[in-house]
Amino acid sequence: MNLQEREKLIARQEIVKSKIDFLVASQKTITSQHLKKLVQQKIDELLDEFHLNKQRLDNE
Amino acid sequence: MSNKNPQRRPHQAAKKLYEKTKGMSPRQRDQAILAYKNQVGEEEFVKQMLAFADDTQEELQALSKDTIMLKTKWLNESWVNKSDICARLYGKKDKSTVGYFALQRQGQKPWKPGQLEKLDSIRKELMESLKI
């Protein structure tokens, strides 16, 4: 990974983290269990991406 | 399902709320999100949130551009010999290269692969040479 790719990945991490925070806050307002679960799935996807990217950055 | 803004794409509606709540305290943010959810309805709200979660590309591009501009900001400092940097970066400083380099500094032309890394090492060399 070159410097530019690394910076892009770091920037993406910031966005993903910020989106996770926003989705978690949004999820708290939802009353339907079914819809809560849908949002949780999306949060989990973003969390997976965040951890994968973190591993990539740590291993470089 | 209610939708106060049918013409707006779902991810954009959620993005607007996301931007609006960015600087807020957690409590204020939670209240703003709840008010918005009550306004558009729960199903529409979730639809917008899911679309927004999938759409990171637009933001990433804007952020990358800002990051690059920040990284190359030093090139526009008065103490920087732009002509010399151009020669070191391109191996020449003819009219078209100098012109292209000026547009790159202004963010109007993209940097080529490897150029940002090269500029970074040029900057480090310059800073080293300025040390007493």
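Predicted model: local features only at pLDDT ≥ 70, side-chain atom pairs only at ≥ 80, totals over all residues.
Residues are numbered from 1 along each chain as its sequence is written, while chains are lettered from A and ligands numbered from 1 in the order in which they are written. Chain A has two helices and zero strands. Chain B has seven helices and zero strands.

**Chain make-up**

- Helices (H or I, at least four residues) and strands (E, at least two) are DSSP runs, numbered from the N terminus.
- Chain A has 60 residues, and 15% of them count as buried.
- Chain B has 132 residues, of which 18% count as buried.
- A residue is buried if 20 or more other C-beta atoms lie within 10 Å of its own, exposed if 12 or fewer, and partly exposed in between; the C-beta atoms are placed from the backbone.
- Read from the N terminus, chain B runs α-α-α-α-α-α-α.
- Two residues are in contact if their C-beta atoms, placed from the backbone, lie within 7 Å.
- In chain B, 62% of the contacts between residues at least 6 apart in sequence join residues at least 24 apart.

**Helix pair in chain A**

- H1(A) and H2(A) pack at about 155 degrees, with axes 10 Å apart.
- Axes are lines fitted to C-alpha atoms, for helices over the stretch in contact, and angles run from 0 to 180 degrees between N-to-C directions.
- The two helices are therefore roughly antiparallel; angles under 35 degrees count as roughly parallel, over 145 as roughly antiparallel, 65 to 115 as roughly perpendicular and the rest as oblique.
- The crossing of H1(A) and H2(A) is left-handed; that term applies if the near helix is turned anticlockwise from the far one by less than a right angle, and right-handed applies if clockwise.
- Residues making this contact include A:Leu9, A:Val16 and A:Leu23 of H1(A), and A:Val39, A:Leu46 and A:Phe50 of H2(A).
- By class, the contact of H1(A) with H2(A) has 12 nonpolar, five polar and seven charged residues.
- Ala, Val, Leu, Ile, Met, Phe, Trp, Tyr, Cys and Pro count as nonpolar, Asp, Glu, Lys and Arg as charged, and the others, Gly among them, as polar.

**Helix pair in chain B**

- H1(B) and H2(B) cross at roughly 155 degrees, and their axes come within 10 Å.
- H1(B) and H2(B) are therefore roughly antiparallel to each other.
- Their crossing is right-handed.
- From H1(B), B:Leu17, B:Lys20 and B:Thr21 meet B:Arg29, B:Ala32, B:Ile33 and B:Tyr36 of H2(B).
- That contact has four nonpolar, one polar and two charged residues.

**Largest nonpolar core**

- A nonpolar core is a set of buried Ala, Val, Leu, Ile, Met, Phe, Trp, Tyr and Cys residues joined through C-beta atoms within 7 Å.
- The largest has 17 residues, and A:Leu23, A:Val39, B:Ala14 and B:Met49 have the most contacts inside it.
- H1 and H2 of chain A, with H1 (10-21), H2 (26-40) and H3 (42-54) of chain B, each supply at least two residues.
- H3(B) gives the largest share, five residues.
- Beyond its neighbours within four places in sequence, A:Val39 is in contact with A:Leu23, A:Ser26, A:Gln27, A:Ile30, B:Val46 and B:Met49.

**Contact between the chains**

- Chain A contributes 24 residues and chain B 21 residues.
- On the chain A side, H1 (3-29) and H2 (33-59) are the elements that give two or more residues.
- H1(A) provides the largest share of that side, 15 residues.
- The chain A side divides into 12 nonpolar, six polar and six charged residues.
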